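Subject: A structure for you to look through

Dear colleague,

I am passing on a structure that I would like you to look through before we next talk.

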Number of protein chains: 2
Amino acid sequence: MPARSRRKRRAILDAALEAFLAGGYDAANLDAISSAAGVSKVTIYQHFGSKEGLFVALIEEEIHRAEHESDEYLEARTDSPDVEEDLRSFAREFLETVMSPHLVAMRRLVVATAPRFPALAEAWFRNGPERGYETLADLFRRLDEQGRLRVPDARVAARAFTWLLLGAPLNEAMFRVDWAGSDPEQRAALADDAVEVFLMAYGRTGPRQADGEMLP
Amino acid sequence: MPARSRRKRRAILDAALEAFLAGGYDAANLDAISSAAGVSKVTIYQHFGSKEGLFVALIEEEIHRAEHESDEYLEARTDSPDVEEDLRSFAREFLETVMSPHLVAMRRLVVATAPRFPALAEAWFRNGPERGYETLADLFRRLDEQGRLRVPDARVAARAFTWLLLGAPLNEAMFRVDWAGSDPEQRAALADDAVEVFLMAYGRTGPRQADGEMLP
DNA sequence: CTGTATCTGTACTCACCAGTTCAGAAAGGT
DNA sequence: ACCTTTCTGAACTGGTGAGTACAGATACAG
């Protein structure tokens, strides 16, 4: 509750985030974290109880932060005359966000610690990919109802869009650590490719019979 | 030189693989590995010099093993009358392979250690995803030439196919550790969905204008 | 059979690090 | 100004685990 306490807690969490992201869970050193935070090691234990406690608190906080940030930009994307251009700009922004160095590093950290902290990984998954699918599915359902896209199964389309866009760069980023997603131009090109393929499948511009549907 | 030496080496590598996969690099204990391998700890050092040396040798061996295995089943897949069914069965097999518990665990291990062993992660990436792209691109180029598919850019199509198929399950497996890919039926359904979307985009059955091409 | 290379068991060093102790200092709310 | 809560520094414990030393056993080749 108090005032100073909050500052200390923040400082600890900030330093801890950097340390965990830099070297992973095991490599992070509480002595180093405490001194980087300008705080006594005892204070860390008063706040978080243990290294695990600190880690859990940290990841949970990051999950909430990401949740609030993503809630904003995923809203209301259907109100333009040009669906294709809308999808393109959305795809670029989406890719840019997910491929940010911070999120990529977080992703690697959560994946690496998933065996030891399965609940955290589960929470991350639900607030990340799974929420993303649902939001996208809603979007595609709307676009289908408005006749701007031809989407037989919105959930399948949401997954398709997500991984057409993110699969290759995210996978590469997991293995090539420094590769911060190459340059913005290449990312934009990647996003455009993804949208193009997506539109080949779901664009309104031609009849598809793959699930038995035809245009009137 | 070898006779007994080779057996020892094998035993060490087998035990080490299990240990590293079970708990990650840091958790693996050389005393435990040596006793599991029925070998003295000194022998490990005679063979591999250090824990890092052991790990590197192990991963490199796994890379070669995977390389040889994958070389086989990715061959000659274009010689059937029904392309769609071909793609479906190929997708199922591909998904089954990549989602095998062993490969999923290896993937997590390599990703987790990528910051400390970037060369290994790089090698894994090149022998895995990147080789896969090329093989698939060749396949789609052939299918396009034969008029069975309409593939304007084979490299884009290869990435699209890969991630339509693997994106969702692989991502989920990274976060949900026990989730061994759900049951085979669900995986087959997933593969079929992926192929269906892929065919919506690349199927020969309708005119697409997305890159300016039309059917004659 | 014999010599050499390799293995073994045990016991050791050394470094690192999570977590604790405690007496005292520094806020901060009222 | 005062009293309580929170923080500090520094030294300590205890456990773990990588890597080493060495003297003797064991396999294998020729």
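This is a predicted model: local features need pLDDT of at least 70, side-chain atom pairs count only at pLDDT 80 or more; totals for chains, interfaces and linings use all residues.

Residues are numbered from 1 along each chain as its sequence is written, chains are lettered from A and ligands numbered from 1 in the order in which they are written, and side-chain values use heavy atoms, with hydrogens and water left out.

**The two chains**

The contact between the chains takes 44 residues from chain A and 45 residues from chain B, where contact means heavy atoms within 4.5 Å. Chain A and chain B bury about 4000 Å² between them, 65% of it on carbon and sulfur atoms; buried area is the accessible area (1.4 Å probe) that two parts lose on being put together, summed over both.

Six salt bridges are counted between chain A and chain B, a salt bridge being a side-chain nitrogen of Lys or Arg within 4 Å of a carboxyl oxygen of Asp or Glu. A:D193 forms a salt bridge with B:R159, and their closest N and O atoms are 3.7 Å apart. On the side of chain A that touches chain B, the elements that give two or more residues are α6 (101-113), α7 (118-145), α8 (154-175) and α9 (184-202) of chain A, and α8(A) gives the most, with eleven residues. Helices (H or I, at least four residues) and strands (E, at least two) are DSSP runs, numbered from the N terminus. By class, that side of chain A divides into 26 nonpolar, five polar and 13 charged residues; Ala, Val, Leu, Ile, Met, Phe, Trp, Tyr, Cys and Pro count as nonpolar, Asp, Glu, Lys and Arg as charged, and the others, Gly among them, as polar.

**The symmetry**

Chain A is superposed on chain B by a rotation of 180° with 0.0 Å of shift along its axis (RMSD 0.1 Å), and the two copies are thus related as by a two-fold rotation axis. The superposition is by least squares on the C-alpha atoms of residues with pLDDT of at least 70 in both copies. Of the residues of chain A, A:A201 comes closest to the rotation axis, its C-alpha lying at 2.0 Å.

**The DNA strands**

Around DNA strand C there are 21 residues, of which A:K41, A:K51, B:K8, B:S40 and B:T43 come nearest; a residue is near a strand if one of its heavy atoms lies within 4 Å of it. Sugar and phosphate account for 67% of the atoms of DNA strand C that come within 4 Å of the protein. The surface near DNA strand C takes the most from α3(B), with four residues.

DNA strand D is surrounded by 22 residues, and the closest are A:K8, A:S40, A:T43, B:N29 and B:K41.

With best wishes
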